[in-house]
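Trainee: I am new to this structure and would like to go through it with you. Please show it first.

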Amino acid sequence: MTRKENVDVVWSGTWVAERLGVGLRGDEQLPALLGLALRRNPKRAHLLVSNVLGKHVPQAPSVVYDAGHGLGERVRKLLGDEEAARAVVLGYAETATGLGHSVADGVALAPYLHSTRRPVDGVERAGGFEESHSHATSHLLLPEDPDLLAGEGPLILVDDEFSTGNTVLNTIRDLHERYPRDRYVIVALVDMRAEQDRARLESFATEIGARVDLVSLASGTVSLPEGVLEKGQALVAQYEPPTGEAPQTPEGPAGRVRRVELEWPAGVPDGGRHGFTPEHRDRLDAEAPAMAHRIAQALDLPSATAAVDGASARPRPRILVLGFEELMYAPLRLGTALERIADADVRYSTTTRSPVLAVDDPGYAIRTRLVFPAHDDPADGPGERYAYNVAGGGFDAVVAVVDSVADTPRLHAPDGLLAQLAAHTPHVVLAVVPSYIPHIPHIPNTPHTPGRASMLPEPLRGPAFSSYAADEVGWLLQDLSDAELEAPTEEREEAIQSGGAHYAESLPVEYQPSAEYQQLFKAALDTSAARIARAVGTVTETVLAEVPLRRGRRGTDPHPRPVLVSLARAGTPVGVLMRRWAQHRHGIDLPHYAVSIVRGRGIDANALRWLQQHHDPADIVFVDGWTGKGAITRELAAAVAEFEGFDPEIAVLADPGGCVRTYGTREDFLIPSACLNSTVSGLISRTVLRSDLVGPDDFHGAKFYRELADADVSNHFLDTVAAHFDEVAVAVDAEAKELLAADRAPTWEGWAAVERISEEYGIHDVNLVKPGVGETTRVLLRRVPWKILAKRGAGADLDHVRLLAQHRGVPVEEVDELPYTCVGLIHPQYTRGATGADGKAVTTP
């Protein structure tokens, strides 16, 4: 199939009709709505292929959405607003999940739920039924609210086609026994029932004493000659490639795969698997344009405004937004938003479990097929999955949208979906929507059974895990010390920027400082220890004063104490110091835990569940070392919104970015713990989140570098700072009192500066701009630096930065009007070896 062919000249059911004698009779718009294909299915030979569903045939997202939305508007008019507000809309997996969502949007007043073939531990089934003709028959109903289907209002059932009516009858029969009601509305794109099927539904409605209405775009019947099943199977056998035949890919270089961070709105489900309310839709409506803009930026698409103004002379790029099986609605809404803001020819379709024969003929509905292994963890085990009419579609780029459960190594494997797409288009962008975690009664915010939270392991403690004393911190992590996780910095950078891997899936090789660098660390610590002690005292006193106010002293404890939860690993030394201050100055023993948070993936949900079981969430104080542009601050706020009772505010030692209310100082100065990696952080690596190592019931992972004990200065750092507590006490009392009375609202000055620097230096990606001394140091130790911006006149605070930059051959550029002491820029177009400003490889210390 080529892009230039006019596929509308021939009806896309002609090939099947001529060979099997299958035909459509009914409304004149049926040929425009449906084509025909053959499926590998022992129960039904033919497949009605919808041109407006967005499953097998790429279509304009607005056409797909408007088809369902218009049906929903008709249902609302049929029911009236009062009844529509009492209704529930139910869609069918996997084909009609997006259609059902669009219908619910048209109804506007009713919540939405779709059936699923993906079981979720701990979510009680509200029903289930069989789809007799399907390749995968079992449907589950798993609403987060167990009473969602228990009301007496109308139930609106949505499927792409109404062929025999068996699926709908099975659904109503199952649900009517549990939740009887007196009205049902069936919605389908096409009603293709035979006369006997219509009579059967009428008889069934009389039997249960309920009214059943049907709303569709068109109606008709399918004529099936005798022996059509056997003839269809013979045709499939004739044209199907031999089993195990490798998929054909075009010659030439594969397209580039990269990842775009959507910043999906916190608390909005990824779909209707557990329920979706009108309020969720309103929030998604508000955020969809911004997410589409991020996609457009990643693809460098011209804006629709530029096209109207005549500013864009290049041809309109052809873009496919490709959803994932049941995940149809989220990519559909991203696609409709992209249509509005970009001057591009946008199409939408999704991958599928359904095996269909592909025949490259204009009169056949499925022209091409991509085959790849399942990349989620389906209940029925691994198997083939498919993307139809993508190869040969002439797409300049494909935006693959998956949920986080399906963002696995299999997705990125050489034979995975992304590689298959990259073989047929120059650009592939991966967008991951966070999989929604339903709140289960009796165990707040957990998708598992009541016994699950208590089954989570107890925190790891030193000396078995980390060089900190056992009472200093409990690590809510799993020990991955025996796993091979390290990769060279250059390899990691190339994989991260190309979208082939997430930074949390591997570890950088631990930097081993030279004798010169170690001496610089010790000198910096001696110089700044009192300054750090003062900031530690100020932030701790602020926390001690404010946490009791969070819950108004409710509960059984008349004197609630903060529970420190540091963000591993940069926050952990600060959490230990805050704990030591509270003990030294007030005799208070504060609990302290360390948890993992990963940019783009969120906080460790199992760690939060453990904390909920053992502490009042109102007492939890999240602790980090410093703020840069505030990305982790925003990540945390979005993550804890899913969990009841947690305050998303972070307490930090230094807040040069103006991102938080609780801080020790807003100066950007050298915190010596930023100079080193594990050897100043209890010998613990940065945290790891990889699906083959971290399961749904596990904490995130990390390594304990026991072999680096001789170089460990973790406790030396703590002891040196704590030795200054008494001398700074008076100053701390004055500063804390002043801060508690001041307006400490975040200014987000750092974020604005990062956006300016990103544009000024032509980077166009704020994730590659790392502001502040601490973040700049991380760039030099772990990433591929491009250049360092230093505030003109910055002194000893940057000695270690200058030394590291010299070792890596990275220029340090002095600039004026910088709100930070320095800013590290990661190489914006990294290919292996491009570690310096000139793109040439350099030596490392």
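Mentor: Before we start, contact means heavy atoms within 4.5 Å. Residues are numbered from 1 along each chain as its sequence is written, and side-chain values use heavy atoms, with hydrogens and water left out. This is a predicted model, in which local features need pLDDT of at least 70, side-chain atom pairs count only at pLDDT 80 or more, and totals for chains, interfaces and linings use all residues.

Trainee: Which residues is histidine 800 in contact with, leaving aside its neighbours within four places in sequence?

Mentor: Histidine 800 sits in helix α24 (residues 799–808); helices (H or I, at least four residues) and strands (E, at least two) are DSSP runs, numbered from the N terminus. With neighbours within four places in sequence set aside, the contacts of histidine 800 are Tyr517, Leu520, Leu670, Cys675, Val773 and Thr777.

Trainee: Is histidine 800 buried or exposed?

Mentor: Buried means under 20% relative accessible area, exposed over 50%, and partly exposed in between (1.4 Å probe, protein chains only). Histidine 800 has 0% relative accessibility, so it counts as buried.

Trainee: What pLDDT does the protein chain average?

Mentor: pLDDT is the predictor's confidence in each residue, from 0 to 100. In the protein chain, 86% of the residues score at least 70, and the average is 84.

Trainee: How many contacts beyond four places in sequence does the model have for residues 130–137?

Mentor: Where pLDDT is low, the predicted coordinates should not be read in detail. Over residues 130–137 the pLDDT stays under 50, and the number of contacts beyond four places in sequence is 28.

Trainee: How many salt bridges does the count come to?

Mentor: Side chains of opposite charge can pair when their charged atoms come close. A salt bridge is a side-chain nitrogen of Lys or Arg within 4 Å of a carboxyl oxygen of Asp or Glu. By this rule the count is 40.

Trainee: How many residues apart are arginine 333 and aspartate 285?

Mentor: These two form a salt bridge, with the closest N and O atoms of arginine 333 and aspartate 285 2.6 Å apart. The pair links distant parts of the chain, from arginine 333 in helix α11 (residues 329–341) to aspartate 285 in helix α9 (residues 278–299), and the separation is 48 residues.

Trainee: Which of the classes, buried or partly exposed, does arginine 333 fall in, and which does aspartate 285?

Mentor: Arginine 333 has 7% relative accessibility, so it counts as buried. Aspartate 285 has a relative accessible area of 34%, so it is partly exposed.

Trainee: Which residues are linked in a network of salt bridges with Asp285?

Mentor: The pair of arginine 333 and aspartate 285 is joined by a salt bridge. Both belong to a network that also includes Asp105 and Arg281.

Trainee: How far apart are the closest N and O atoms of arginine 666 and aspartate 655?

Mentor: Arginine 666 is partly exposed, with a relative accessible area of 28%, whereas aspartate 655 is buried at 0%. They form a salt bridge, and the distance between the closest N and O atoms is 2.9 Å.

Trainee: Which strands do glutamate 813 and lysine 787 lie in?

Mentor: The side chains of glutamate 813 and lysine 787 meet in a salt bridge (4.0 Å, N to O). Glutamate 813 is partly exposed at 30% relative accessibility, and lysine 787 is buried at 16%. The pair is 26 residues apart, with glutamate 813 in strand β32 (residues 812–815) and lysine 787 in strand β31 (residues 785–791).

Trainee: Why is strand β9 (residues 183–191) largely enclosed by the rest of the structure?

Mentor: The reason lies in the burial of its residues. Strand β9 is largely enclosed because its buried residues number 9 of the 9.

Trainee: Which residue is the bridge partner of valine 158 in β9?

Mentor: Two strands pair if DSSP finds at least two bridges between them. Strand β8 (residues 155–162) and β9 run parallel and are joined by 7 bridges. In β9, the partner of valine 158 is valine 187.
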